[in-house]
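Work through the following exercises with the sequence and the model side by side, and try each task before reading its solution.

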2 protein chains.
Amino acid sequence: MTQKACIVGGGVIGGGWAARFLLNGWDVAVFDPDPEAERKIGEVIDNARRSLPALYDKRLPDEGKLSFHSDLAEAAAGAAWVQESVPERLDLKHKVLGSLTELAPKTAVIGSSTSGFKPSELTSEGARVVVAHPFNPVYLLPLVELVGDAAETARAAEVLRSIGMFPLHVRKEIDAHIADRFLEAVWREALWLVKDGIATTEEIDEAIRMGFGLRWAQMGLFETYRIAGGEAGMKHFMAQFGPCLSWPWTKLMDVPEFTDELVDLIAGQSDAQSGHRSIRELERLRDDNLVGMMRALKKSGSGAGGVLNTHERALAAPAEAELPIMGDRQIPQSWTDYNGHMNEAHYLEAGAAATDRFMELIGADADYIASGKSYFTVENHLRYLDELLAGERLTVTTQVLQGEGKKMQLFHFLKNADGKLAATMETLLLHVDLNTRASSLPGAEVGEKLKAFADAHKALPFPEGAGRFVGQKAV
Amino acid sequence: MTQKACIVGGGVIGGGWAARFLLNGWDVAVFDPDPEAERKIGEVIDNARRSLPALYDKRLPDEGKLSFHSDLAEAAAGAAWVQESVPERLDLKHKVLGSLTELAPKTAVIGSSTSGFKPSELTSEGARVVVAHPFNPVYLLPLVELVGDAAETARAAEVLRSIGMFPLHVRKEIDAHIADRFLEAVWREALWLVKDGIATTEEIDEAIRMGFGLRWAQMGLFETYRIAGGEAGMKHFMAQFGPCLSWPWTKLMDVPEFTDELVDLIAGQSDAQSGHRSIRELERLRDDNLVGMMRALKKSGSGAGGVLNTHERALAAPAEAELPIMGDRQIPQSWTDYNGHMNEAHYLEAGAAATDRFMELIGADADYIASGKSYFTVENHLRYLDELLAGERLTVTTQVLQGEGKKMQLFHFLKNADGKLAATMETLLLHVDLNTRASSLPGAEVGEKLKAFADAHKALPFPEGAGRFVGQKAV
């Protein structure tokens, strides 16, 4: 059954939550008195539609229903998750969270997006509300800091994992939880550096993204330093780096005064650095970079890549059809090229992924490969019949042309959202022994399953475009 | 003429400098009294060999010569760059930098890798030595903080850019330059969080890499916050986030005491988190992740991706041969799959890149495409003849089979380091008008250049494997 999320407060954070739930198949009911809320949330969801599905090589569930409500009771009715993202004022949080505790189903998780307040500050009752603090853009970044009652946060964690997020349980409540404490420390130091004329905003950004930012995106702080310590380990690193804490470099005690002059200095430098791009352009650039980096991390499974792999495994397999559907996905921005359409190599990538899925279907899966047997491709023939664009849905169905002995010959049909044929890929594989790297017969079970498909597909017409050479005239 | 770098101090940082220069074609002379120096530097260079060239889709220059010296004068003789990376003790730095100022050619840049000291502290003379502070792993991360005399740092910057690095000139000298001040602020706060039992080392790493680490790797701090400010801009963001600086969350004034207990707590948590992997494994994991993320950033050109694109454009084109060499590169780790060899889709990626290079050769380049004309691939046929492994060199030569009217038919030969044929790719393209998306004749100049290649290549034997269908028996 479709689940419902109630989103209270529809700014960048609330909109991000709405998008995250919606694109994972939840119905989403939004409560926000701002007359602009529908437009603002719509823009966030548009950004999410072009980026979140692009992280996965499988299709996300069908989108849920999005609705806007002026009545809080109506928005909260039947919700399994209620998320408060109103401005960071304690009186307002008290009022909203008090109403939600009355109005929401007893079984609902009630989460607050607060970046600063502790759960014990948020309500007088305490246990019912948990801090569920996400990071912008909420539809892409996995992290949610969970603080509060153990049973409530455990329930919340399960829901968050089901929508592809990474719940991090904070062991003891503390102002600003964990990540924002780091952000505050860096922000404060950065303000000093700008104020004192050591560096501009752009130079500070370069100092981060050309160096340690790249380290932190995949390993964080301690694992990075463990490596820096080398064979001698973490203790050695601490012995080296420890002492400088006692002659601290950073401007520990002081907070720079927030004068108009400082605000103007920073805003002016930021305009010079990024003002040639609109916020919408910057958002898309950020999202494309995040998608590209997070897709790269899927390879090793580090950090966000591991979260994606786990979530992707849990996504439903495509429905049954005459031919097995071996692929169903959205085309990521990073698959397009200078001609403004999907690059030729990614047609083959999609086809090769379909071959992988078909191998799993006949039992030639990861365990089988670990046992020292696999299939190697010896030949591919692709015909490009139509352009495919970023954001389009792509499905792949597979017909077995040959499946006996060492050979497996497949024909993949790549279709766009309308079911129109965009490409075909004919592929011939040989079964190999991974130790000798020589061809060999498949295991009995794999061989039988493959043959069953081959026999069943013999009844189908031989595909147009199969058995042809490059440049051969159409019949 | 090959240039020479002198590396004084061969730890992780000195070794990283050695690798960076060596793999960019410089001769490298190392001075380090440690009897283990040769082994240690060798390990760093091995890591660099498997990762640095994998960032580029072109081949780096031939490696320079690596030599080890017990005489500082000999190591420094004829060097264009001398880099000091000895332990962070001022007396030692004074001694080494004093000698180097005497021994190095007057024209050499003398750089110090110091993370904490200001140039004015490093020598009595001052101007001659510049701080050139890199980040681990030096062979992958582009950032080098340059501090010191304007003319000297400008000269240094030019060299650094030529070896693919990003020099950041620090406007005024300050303890610990820029990035390490941020690292220190976060490190100190992280120590408190562990000590107070708020989070373990692993949880802190997750709080970073699942959230803001991903943001910072591509945009840094200020541009990220500019987006968070939305249409209202940076001033709006500062108005929101400014006030909390006056009730600071972080433990500003205090430095946690570095007791044995705290060191044991952190080292123990780090063992639990990462102890199942050796430092060598962690280094390779880190490097593979960095390569994957930095390759992803090449697409947008953000941050490190922009540095790579600039450096790649400056790399030499392959030498002349009977057939034009349209590709010459090292195979990145990220191109391999579960079978332990280059994945079939990346054979096509390499072939498609060769097609792109050939298009440039005949004038169908970025400007031509911007003018609304291009070629679209309509058919590809690939034969996979041999496995290709990560780290191997791959060259692609191209024979024109057809080049008249709207058609361009190419045959790419993919060869491994020994010149053995690993794959062939036959590709048929049609010239198109990018506005109508319909086929059209190429511009006169492009058409003539293509025809000239086609005519010249007619004299060559028709390639074995061309004009064949999938599964066709060899003759």
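Contact here means heavy atoms within 4.5 Å. The model is predicted, so to speak of a local feature requires pLDDT of at least 70 and side-chain atom pairs count only at pLDDT 80 or more, whereas totals for chains, interfaces and linings use all residues. Residues are numbered from 1 along each chain as its sequence is written, chains are lettered from A and ligands numbered from 1 in the order in which they are written, and side-chain values use heavy atoms, with hydrogens and water left out.

**Exercise 1.** Locate A:Gly10 and determine which residues it touches, not counting residues up to four places away in sequence.

Solution. Begin with the loop between strand 1 and helix 1 of chain A, where A:Gly10 lies; helices (H or I, at least four residues) and strands (E, at least two) are DSSP runs, numbered from the N terminus. Next, list the contacts beyond four places in sequence, which are A:Gly15, A:Asp32, A:Lys40 and A:Ile41. Then consider accessibility: A:Gly10 counts as buried because its relative accessibility is 4%, where buried means under 20% relative accessible area, exposed over 50% and partly exposed in between (1.4 Å probe, protein chains only). Finally, turn to the record: an unreviewed UniProt entry places the feature "binding site" at positions including A:Gly9 and A:Gly10, given in the numbering used here, with feature names shortened and annotations that may be inferred rather than shown by experiment.

**Exercise 2.** Describe how strand 11 of chain B is paired and how far it is enclosed.

Solution. Two strands pair if DSSP finds at least two bridges between them. On this basis, strand 9 (residues 325–330) of chain B pairs with strand 11 of chain B in the antiparallel sense over five bridges, and B:Thr395 in strand 11 is the bridge partner of B:Asp328. Strand 11 also pairs with strand 12 (residues 407–415) of chain B, in the antiparallel sense over seven bridges, with B:Thr398 opposite B:His412. Because seven of the ten residues of strand 11 (residues 393–402) of chain B are buried, this strand is largely enclosed by the rest of the structure.
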